[in-house]
Amino acid sequence: MMALNIYGQQLNSRLLIGSALYPSPQVMKQAILASGSQVVTLSLKRQNPAEKSGQQIWRYLQEVVAEVNGHLLPNTAGCKTAKEAITLAEMSREIFQTNWIKLEVIGDDYNLQPDPIELLNATEQLINDGFNVLPYCTDDLVLCQRLYDLGCQVIMPWASPIGTGKGLMNPYNLETIRLRLPDATLILDAGIGKPSDACLAMEMGYDGVLLNSAVALADNPVLMAKAFGQALQAGEQGYVAGIMEQRQTAHPSTPTLDTPFWHQN
């Protein structure tokens, strides 16, 4: 598998993985190691960073990430305004000493769809403040273009709403984003349910996949994490190899010319 470049950092794995919902910290660690991922996301808001109540799990995650020579990716999950997300991003930079931030600004509580206006406002301010922003957004081409124009080298459109496991709801939209933003690093984020979903994204030419629930809520999270790592490799190799074009009519895979009569119809 070719290296993934995120803001100048070369990563051996194209899978980014979340740290929530696991049955135990031990299972979480085993799943992260099995996945091969070098980027682990962490929700600061749900750990109450103002009171530093999550220090124990933060330290544990930092140890896991160090073991894989990776990176912790704080996120702003749960924020509903640009101001709230910016404040949380500043806290994360102070706590974890990183300029990376997975930017989430949610506009709807039902399907957790990002608020495009607040997202753009937060992105612009954070980039001006020296952050490397990885914005979570919908599969809206224009929104992705605006984020890229603001300076986001990495853009993270959803496959479907967070935690639904519905997979790639709008393949056409995702393919269009890939086609129209050839130089952007595109990481599919949210809604992935099974390894074949991740494989499809890689076959489209996406640069990586970020997921959490699909692994953490599996009957066997460790085995599922390994399956996703393998699925990404298969999808990337398929894309690089060049997938045949679809045809409207059937074509024999073996020509009849110069073949024995018992092989002919």
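A nonpolar core is a set of buried Ala, Val, Leu, Ile, Met, Phe, Trp, Tyr and Cys residues joined through side-chain atoms within 4.5 Å. The legends below refer to a predicted model.

**View 1. The largest nonpolar core and its contributors.** The largest core comprises 72 residues, and Ile6, Leu188 and Val209 have the most contacts inside it. Helix H3, residues 82–96, gives the most to this core, with six residues. In soluble globular proteins, nonpolar side chains tend to be buried together. Beyond its neighbours within four places in sequence, Val209 contacts Arg14, Leu15, Leu16, Ile187, Leu188, Ile192, Ala198, Ala201, Met202 and Leu232.

View 2. The "active site" annotation of Lys102 comes from an unreviewed UniProt entry. Lys102 belongs to strand E6, which runs over residues 100–103. With a relative accessible area of 7%, Lys102 is buried. Residues touching Lys102, apart from those up to four places away in sequence, include Leu73, Pro74, Asn75, Thr76 and Leu134. Met156, Asp189 and Leu210 are also among the residues that Lys102 touches. Lys102 lies over the face of Tyr136, 5.8 Å from the ring centre.

**View 3. Glu104 and its polar contact with Lys102.** Glu104 is placed in the loop between E6 and helix H4 (116–128). The side chains of Glu104 and Lys102 are joined by a polar contact of 3.0 Å. Glu104 has a relative accessible area of 5% and is therefore buried. Not counting residues up to four places away in sequence, Glu104 touches Asn75, Thr76, Ala77, Cys79, Ala85, Tyr136 and Ile162.

**View 4. The annotated binding-site residues.** An unreviewed UniProt entry assigns "binding site" to Gly163, Ala190, Gly191, Asn212 and Ser213. These residues span 51 residues in sequence, yet no two of their C-alpha atoms are more than 9.2 Å apart, so they gather at one spot. Ala190 occupies the loop between strand E9 (185–189) and helix H7 (195–203), and is buried at a relative accessible area of 10%. Ser213 lies in helix H8, residues 213–216. Leaving out residues up to four places away in sequence, Ser213 touches Leu21, Gly163 and Ala218.

**View 5. Helix H5, its ends and its cover.** Within helix H5 (residues 141–150), the residues Leu141, Leu143, Cys144, Gln145 and Leu147 are buried. The cover over the buried residues of H5 includes H4, strand E7 (132–137), strand E8 (154–157) and helix H6 (171–180). At the N-terminal end, Asp140 caps H5, with a side-chain oxygen 2.9 Å from the backbone nitrogen of Val142.

**View 6. Arg93 over the ring of Phe131.** The charged end of Arg93 sits over the Phe131 ring, 3.9 Å from its centre. The count of aromatic pairs in the model is zero.

**View 7. Glu236 in helix H9.** Glu236 is part of helix H9, residues 221–241. Its relative accessible area is 7%, and Glu236 is buried. The C-alpha atoms of Glu236 and Gly205 are separated by 7.3 Å, although these residues are 31 residues apart along the chain.

Terms used. Residues are numbered from 1 along each chain as its sequence is written. This is a predicted model: local features need pLDDT of at least 70, side-chain atom pairs count only at pLDDT 80 or more; totals for chains, interfaces and linings use all residues. Side-chain values use heavy atoms; hydrogens and water are left out. UniProt positions are given in the numbering used here, feature names are shortened, and annotations may be inferred rather than shown by experiment. Helices (H or I, at least four residues) and strands (E, at least two) are DSSP runs, numbered from the N terminus. Buried means under 20% relative accessible area, exposed over 50%, partly exposed in between (1.4 Å probe, protein chains only). Contact means heavy atoms within 4.5 Å. A polar contact is a pair of N or O atoms within 3.5 Å; within protein, one must be able to donate a hydrogen and the other to accept it, and residues adjacent in sequence count only if both atoms are side-chain atoms. Rings of Phe, Tyr and Trp (its six-membered ring) pair if their centres lie within 6.5 Å; planes under 30 degrees apart count as stacked, over 60 as edge-to-face and the rest as tilted. A charge sits over a ring if NZ of Lys or CZ of Arg is within 6 Å of the ring centre and within 35 degrees of the ring normal.
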